[in-house]
Amino acid sequence: MQGKIENRTVYNFKDKNGKLRKEITLYDVRYRYKDPATGKWKQTCKRGFYTKKEAESFLVKLNHEQNSGTYVVDSGLTVREYLKSWLVNYAEHHVRKTTLEGYANIITRHLIPYLGNYKLLTLQASNIDVMYKDLAKNGRADGKGGLSSRSIMYTHRVLTEALNHAVKQQILNRNPAISALNIPKIKKYNASIYSLNEIMELLQAVKGTFYEIPIALAGLCGLRRGECLALKEEDIDFTNKRINVNKQLQQIGNTFQLAPPKSTESNRCISGPDIVFEIIQRHIDENHKKRDILGNSYNDEGWLVCSDDGRCKNPKTFSRAFSDMLRRKGFRHIRFHDLRHSCCSIYLASNVPLAVTSKLLGHSSINITANIYAHLMEESITDAGEKINEAIGNIHPKKE
């Protein structure tokens with residue numbers, strides 16, 4: 001066995017129960033370890049065991065970890081120090097800016113206040129479970145109760161991802177977040193959708209307002225919110241009736257930025273019904289009139305969806321404004337993103353092939369489309385059976 005145990009006598013020292021003793025024996029474990037950074041062997045000492053049995057247990061565990069390749073050097077890092085370092089050295093270079101902003105908020109508001117002072121190597125699943133339990137009761141920033149199950153799940157995912165990287169870097173030999181028990185279960189969200197008739201009625205109700213283009217693009221072409229708000233005049237090909245979807249508008253801090261679409265497949269060129277191009281053309285004409293009136297005061301960057309002075313719309317407040325508009329005009333409540341689901345429903349009901357629908361929506365694979373919209377395909381499955389029956393009947397008509 002690698003390492004040895006030494007004993008020493010100390011005076012006027014508190015025992016394990018906190019009682020002051022004139023004289024007490026402590027045990028130290030001296031051992032060697034290989035520094036993963038340099039590959040060289042170093043010698044160190046773990047001091048202060050109250051009993052020889054405790055020292056022996058540590059030494060056995062140490063040898064097992066070294067033999068199995070799971071030993072990690074105690075760097076003294078706190079969870080706070082590690083998470084801040086992980087944000088800068090990893091997340092900042094591997095995730096989108098909006099995702100990074102979300103990670104930073106979760107780490108700052110939840111993870112560091114609850115877990116920040118723990119040593120990274122001593123963090124236990126029980127510590128994480130206590131955090132999740134309290135977040136569910138008192139986690140809201142406004143002090144009005146707990147976080148939703150979905151918010152706690154996002155917190156769990158960020159912590160798990162961060163600690164997984166600590167394991168890969170040999171800073172930890174295991175990820176305690178994986179063993180947490182108080183992880184909430186999220187109920188699957190069943191989107192509410194509008195029929196084609198409801199979308200057309202809504203378009204009539206918002207005619208002439210800035211809502212008209214994004215509602216038409218989401219409800220009839222399947223664009224995401226950020227994709228709708230990012231479109232410029234240069235992205236519209238009226239001759240061939242094509243829309244180039246190659247970016248999305250995001251808010252990072254207090255600034256608006258154009259970013260690549262959600263995935264490679266989201267970078268796409270789509271078509272759409274005539275009414276969409278009619279709406280776009282009408283708004284371009286209106287925007288040009290406002291530009292001519294305001295002159296240099298007009299922010300002429302070519303946005304399709306914009307304020308009266310030409311400035312782009314805030315993506316973070318747009319969805320809330322959309323919900324308020326529905327309420328004012330007496331329409332049934334749905335999320336803005338549900339217009340995209342509505343569009344898919346219309347495509348499937350119109351017998352547009354699933355592969356084509358997937359491409360129009362910009363999904364990274366046809367399987368994603370099939371999984372998300374499986375409930376919308378049930379009627380099509382029934383229709384398919386009836387069509388096969390009809391085809392068989394044409395070939396082999398029943399005898400009277």
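An open sheet of three strands, paired in the antiparallel sense, runs in the order 1-2-3. Strand 1 (4-14) and strand 3 (41-49) are at the edges with a single partner strand each, so one side of each has no neighbour in the sheet. On average, neighbouring strands here are turned by 25° against each other, direction ignored. This is a predicted model, where local features need pLDDT of at least 70, side-chain atom pairs count only at pLDDT 80 or more, and totals for chains, interfaces and linings use all residues. Residues are numbered from 1 along each chain as its sequence is written, and side-chain values use heavy atoms, leaving out hydrogens and water.

Helices (H or I, at least four residues) and strands (E, at least two) are DSSP runs, numbered from the N terminus; two strands pair if DSSP finds at least two bridges between them. Strands of a sheet pair through backbone hydrogen bonds, either parallel or antiparallel.

Strand 1 and strand 2 (residues 20-34) are joined in the antiparallel sense over 10 bridges. In strand 2, Arg30 is the bridge partner of Lys4. Helix 1 (residues 52-68) packs on the sheet and touches strand 1, strand 2 and strand 3; contact means heavy atoms within 4.5 Å. The direction of helix 1 makes about 10° with that of strand 2, with angles running from 0 to 180 degrees between N-to-C directions of axes, which are lines fitted to C-alpha atoms, for helices over the stretch in contact.

Now to helix 5 (residues 149-168), which has 20 residues and reaches 28 Å from its first C-alpha to its last, close to the 28 Å expected (1.5 Å times one less than its number of residues). Its buried residues include Ile152, Met153 and His165, and what covers the buried residues includes helix 2 (79-94), helix 3 (97-115) and helix 4 (125-138). The side chain of His165 reaches the backbone oxygen of Glu161 at 2.8 Å. Leaving aside neighbours within four places in sequence, His165 is in contact with Tyr82, Trp86 and Tyr90.

How exposed are some of these residues? Buried means under 20% relative accessible area, exposed over 50%, and partly exposed in between (1.4 Å probe, protein chains only).

| Residue | Relative accessible area | Class |
|---|---|---|
| Cys45 | 22% | partly exposed |
| Cys221 | 1% | buried |
| His165 | 15% | buried |

How many disulfides are there, counting cysteine sulfur atoms within 2.5 Å? The count comes to zero. For Cys221, the nearest cysteine sulfur, that of Cys343, is 6.5 Å away.

Technical notes: A disulfide is a pair of cysteine sulfur atoms within 2.5 Å. A polar contact is a pair of N or O atoms within 3.5 Å; within protein, one must be able to donate a hydrogen and the other to accept it, and residues adjacent in sequence count only if both atoms are side-chain atoms.
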